[in-house]
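Biologist: Could you take a close look at one part of this model for me, the side-chain pairings that tie the chain together? I would like the cut-offs along the way, please.

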Amino acid sequence: MANFLSKEHITANANFNRWLVPPAALAVHLSIGMAYGFSVFWKPLGNALMGVDGKPLAACAAGATNLSEKLSGTARALFATDCNWTQFDLGWMFTLFFVLLGCSAALWGGWLEREGPRKAGLVSMVLWCGGLLISAYGVYAHQLWLMWLGSGVIGGIGLGLGYISPVSTLIKWFPDRRGMATGMAIMGFGGGAMIGSPLATKLMGHFATPNSPGVWQTFVVLAAIYFIFMLWGSLSYRVPPTGWKPANWTPPAAQNNVMISNKHVHLNNAHKTPQFWLLWLVLCMNVSAGIGIIGAAAPMLQETFGGALIGQPDIGFADIKKDEALTAAAAAVGAGFVGLISLFNIFGRFAWATSSDKLGRKRTYYIFFVLGTLMYCAATYVAGFKSLALFVGAFCVIASMYGGGFSTIPAYLADMFGTQFVGAIHGRLLTAWSTAGILGPVVVNYMHDTRLEAKVPFDQVYAPIFLVLAGLLVVGFIANFLVIPVAEKYYMTDAELEAVRKLAHEKADASNPAGSMNSTSQSVSHPILVVLAWALVLIPISYGVWSTVQKAWGLFH
């Protein structure tokens with residue numbers, strides 16, 4: 001088993017088709033990407049316990065009016081079996097997801113580089129799917145702490161390992177198209193919820209009974225599906241031999257592009273460079289400016305446009321809230337808006353990262369920060385004269401660049417620090433995502449709530465928020481401006497690089513792979529198998545796109 005999981009065993013030979021690796025990475029990322037879609041479970045879980053009168057029992061935090069009381073209610077909800085959970089109680093799952101993702105990627109990125117993507121992918125599979133099963137039992141026994149432990153903590157660690165497992169491998173397989181390669185995989189993480197959310201909704205509808213919302217059964221089924229996909233994806237990972245490069249491709253000379261290095265920085269030295277912290281700030285600001293507003297997309301649209309969303313422009317959101325039918329109609333349009341920006345978020349990951357191969361990574365981030373600032377300022381203006389199309393268009397562009405920031409940063413790191421430790425360096429940089437996951441929502445939600453308490457009209461709440469987020473993008477622009485090539489003293493010598501590769505069990509001879517790899521490589525590289533591998537991931541992606549387009553269609557109809 002140790003040999004089967006080893007880096008030597010999965011080193012490919014000259015017959016291997018590198019286009020088999022992206023669908024393997026997509027299979028893993030589409031599975032763990034369901035973390036984005038967990039909000040689909042909040043309402044069913046909030047009404048899980050029913051009284052003898054057939055109505056949901058009161059929440060554990062019933063009557064809570066301030067943060068202290070809400071936290072006290074959550075503390076009770078962790079172990080209570082006689083009261084329902086609130087969205088506040090369940091929402092901590094998101095915090096656990098993305099804090100643990102960043103921390104685990106940072107902690108175990110070096111281990112991944114030594115042991116290879118197959119072992120990391122399989123560990124991620126066990127943690128993510130096992131966490132779902134623990135959560136399923138937590139829902140069945142109505143124990144919130146098991147939900148937090150299962151999917152939040154154990155699953156969150158699996159997210160981190162699964163997220164970075166293919167990054168270094170893809171960059172090494174596609175040195176000529178680094179952005180495109182990482183964009184394909186990281187697009188999958190954004191698309192996981194696009195597939196998983198409608199699937200989970202259908203499963204809950206199938207399993208629901210008068211006494212159960214069908215959530216724990218849905219968790220079990222999802223765990224089984226993701227187990228199969230992640231197992232196939234992880235076992236399909238292959239790494240190229242040391243020194244491999246595509247046919248007829250010559251690495252760019254350093255003098256032709258000083259922003260792309262042909263040397264390598266050791267993981268232990270990367271964080272000692274100013275470039276690492278500048279890129280940390282670049283990612284943090286780009287994510288902070290997007291994640292808070294994307295998380296509040298549906299209520300933002302409803303509060304800003306009010307009755308204009310449902311053909312009654314003369315009434316505001318305050319009036320809509322008083323009417324249950326109008327509230328439902330506005331919420332449906334808001335859901336369409338969420339679906340639309342989700343599509344732009346997902347495909348922006350691929351489009352922007354791919355274009356960065358031509359534009360260059362630094363120039364691509366310049367576009368993100370300049371265009372993003374202009375879009376936020378434009379949104380402030382168009383919200384004032386209620387131009388729905390321009391408002392939606394601005395946030396679709398913002399969402400695309402939010403996703404593009406995630407997929408472009410691994411290639412940016414490879415350009416700066418070389419490819420030897422890029423997966424581990426990327427893992428450490430993801431602590432910027434963990435920070436942004438707190439900073440962005442706190443800024444947006446705090447400003448939103450305080451302005452409402454100050455009796456600011458709903459349609460005027462978000463204008464200053466947009467300007468603050470534009471300010472974050474300006475900070476990111478300055479950090480990106482300051483990025484220059486890494487100083488020569490940080491690069492490894494040839495002897496140090498050789499020692500690192502020996503420790504990581506890397507093979508330099510592609511014609512004589514270890515064990516049975518030779519026959520395996522030849523058989524799995526048949527063109528028909530490449531087509532089948534892509535079909536396995538494109539079919540569920542198409543299902544997710546179709547489901548999302550149907551929701552988004554109602555936005556302007």
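**Side-chain pairings**

Modeller: Let's begin with C60, which is buried at a relative accessible area of 7% (buried means under 20% relative accessible area, exposed over 50% and partly exposed in between, with a 1.4 Å probe and protein chains only). Please keep in mind that this is a predicted model, where local features need pLDDT of at least 70, side-chain atom pairs count only at pLDDT 80 or more, and totals for chains, interfaces and linings use all residues. Residues are numbered from 1 along each chain as its sequence is written, and side-chain values use heavy atoms, with hydrogens and water left out.

C60 forms a disulfide with C83, the two sulfur atoms being 1.9 Å apart (a disulfide is a pair of cysteine sulfur atoms within 2.5 Å). By this rule, the count is one disulfide. C60 is in the loop between helix 3 (42-46) and helix 4 (67-77), while C83 is in the loop between helix 4 and helix 5 (87-115), so the bond ties together parts 23 residues apart in sequence (helices are DSSP runs of H or I, at least four residues, numbered from the N terminus). The torsion about the S-S bond of C60 and C83 is about 90°, so this disulfide is right-handed. C83 is buried too, at 2% relative accessibility. C284, by contrast, is in no disulfide, and the nearest cysteine sulfur, that of C103, is 13 Å away.

Now for the charged pairs: the structure holds nine salt bridges (a side-chain nitrogen of Lys or Arg within 4 Å of a carboxyl oxygen of Asp or Glu). One of them joins D176 and R18, whose closest N and O atoms are 3.0 Å apart. D176 sits in the loop between helix 8 (167-173) and helix 9 (178-207), and R18 in the loop between helix 1 (2-5) and helix 2 (21-32), so this pair ties together parts 158 residues apart in sequence. R18 is buried at 13% relative accessibility, whereas D176 is partly exposed at 24%.

Another salt bridge joins D415 and R178, at 2.7 Å from N to O. This pair links distant parts of the chain, 237 residues apart, with D415 in helix 17 and R178 in helix 9. Both partners, D415 and R178, are buried. R361 and D357 also meet in a salt bridge, at 2.8 Å from N to O. R361 is buried at 7% relative accessibility, while D357 is partly exposed at 27%. Through salt bridges that share partners, R178, D357, R361 and D415 belong to one network.

Notes:
Helix = DSSP H or I, 4+ residues; strand = E, 2+ residues; numbered from the N terminus.
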